[in-house]
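Please look over the sequence and the model shown below before reading on.

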Amino acid sequence: MATNSHTILWADDEIDLLKPHIMFLRNKGYDVETVNNGRDALEMVENGHFDLIILDENMPGLTGLETLSRIKQVKPHIPVIMITKSEEENIMDQAVGNKIADYLIKPVNPNQILLSIKKNLHSEKLVSEQAQSDYRQEFGKISSLINDSYSIDDWFELYRKLVFWELELASADTNMGELLEMQKLEANAAFTKFVKKNYEKWVTSDEHPLMSPHIFKNHVFPHLDKNEKVFFILIDNFRLDQWNTIKPLLSDYFTFEESLYCTILPTATQYARNAIFSGLMPDKISKMFPDLWVDEDEDEGKNLNESPLIATQFDRYRRHCKFSYNKINDSVAGEKLIREFSNLEQNDLNVIVLNFIDMLSHARTESKMIRELASTNAAYRSLTESWFKHSSALELFRKIAEKGYRIILTTDHGTIRVDNPVKVIGDKNTNTNLRYKVGKNLSYNPKQVYEIKKPEKFGLPTPNVSSTYIFACGRDFCAYPNNYNYYVQYYTDTFQHGGISMEEMLVPLITLTAK
């Protein structure tokens, strides 16, 4: 039995001349079987088990390309390395079109073949081992960053690192995921302390990071000032890891200028998105435009006035801008927008809200099937990628790139998977969000939440004179004592937003420039 437990079939009409190469591979632990024509190769493939096939392109009778095509019909999963003397481009195109694993041009040396075999048979194992090794080396640096992050830029850097390693370790299938999760918990605990210490200063002084109300002024207006046509696309509930997942799908069409910004609290659509579109903190919206603000205890939808809020921001800055606003809730609406794309070209600015990820997070809470499909952060990212790849959203981005227009891509807030209930008692008028509560008679442990007892000072509306806001931190969620066990079981491991965590507050802000 070969030490690698991998069996290779090598088909070449000059197989006798390749004995040194075959002996080399056998000495490396591979079981190599040989044939000298395509028909024998096909018969071997149909009747045996092989992990990889090496195929000569220029064989008499059934050619390498013909053999390749028939192999793909009977055993499409087996990687095939094609070796040829020819450098003709059409042969390469046909081979690539048949999904070969690699393409080598004679003369080849044994190490070239070994490298190709390793790439196709051992890449996952090698990547996993390397990722584990690299993360072990980074572990100490990340721990130091958690302890020594004193500015928002430090937290941006740390969060990028954590997301990078989350994606690396997930794709490498290592056992380091639990260690990274511990670091993320530790980082979110430290980030919560950082926010508690600095948030009041951010919203009451000029010493603040880029936050929700500043997005248009700082990232949209400068492009409009250059007479560029701008698409402002907001994907609700969109995290940095999800951006990194769909980014490769856009890399053929755009170059990227990537940054992060910090959302306001609560990290919920009613507050954060309205702040983006109005350029104001929520309390100012409620005072200046009371007809456009919907209080927590009202039944009316909380995000129905977004287009008028955008108009108020342009009016306030005395800017004359022709803009459109579109909210896309399903593929029908997305396809309609693409069909009517010429109408968008008449505007200086087109604002588009894509709601799929927000709908997915809600469906995951309510549907057992969706919860199974998105059982982990990795699965949640995978569903995001699948949606984007097969939806009208990708076609919309392509269309914009084709026309050479600029895109500002961002979100109003992220989301976090919660698993730790904290008890909160409120009256019947208390809002239903699990990550923040606002009410006049809230009962809670102040050590478990971030409390704001003077909402106006923090840019928040005050529904009642004694209204208090509290925010869940890390992976906590607010649970009522009534029917507590059922409530906890139902919401544990669901994706929620509204509170304080890196995932919710440190969100992507990307400028996409058409290539």
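Predicted model: local features only at pLDDT ≥ 70, side-chain atom pairs only at ≥ 80, totals over all residues.

How do the residues of the lining of the second largest pocket divide into nonpolar, polar and charged? They comprise 8 nonpolar, 8 polar and 5 charged residues.

- The volume of the second largest pocket is about 400 Å³.
- Its lining is made up of 21 residues, and those nearest the centre of the pocket are P213, H214, G279, M281 and K284.
- Three helices each contribute at least two residues to this lining, namely α8 (177-204), α9 (215-225) and α12 (282-288).
- The largest share of the lining comes from α8, which provides 3 residues.

**Cysteines and disulfides**

- The number of disulfides in the structure is 0.
- C262 takes part in no disulfide, and the nearest cysteine sulfur, which belongs to C473, is 14 Å away.
- For C478, the closest cysteine sulfur is also that of C473; the two sulfur atoms are 9.2 Å apart, which is too far for a bond, because a disulfide requires cysteine sulfur atoms within 2.5 Å.

**Burial of the cysteines**

- C262 is buried, as its relative accessible area is 0%.
- C478 is likewise buried, with a relative accessible area of 1%.
- Both values count as buried because they fall under the cut-off of 20% relative accessible area.

Methods:
Residues numbered from 1 in each chain as written. Heavy atoms only, no water. Buried < 20%, exposed > 50% of the residue type's maximum accessible area, 1.4 Å probe, protein only. 1 Å grid on protein atoms, 1.4 Å probe; cavity = no way out; pocket = protein on both sides within 12 Å on 5 of 7 lines; lining within 4 Å. Points joined across faces, edges and corners; volume = space filled by probe spheres on them. Helix = DSSP H or I, 4+ residues; strand = E, 2+ residues; numbered from the N terminus. Nonpolar A, V, L, I, M, F, W, Y, C, P; charged D, E, K, R; others polar.
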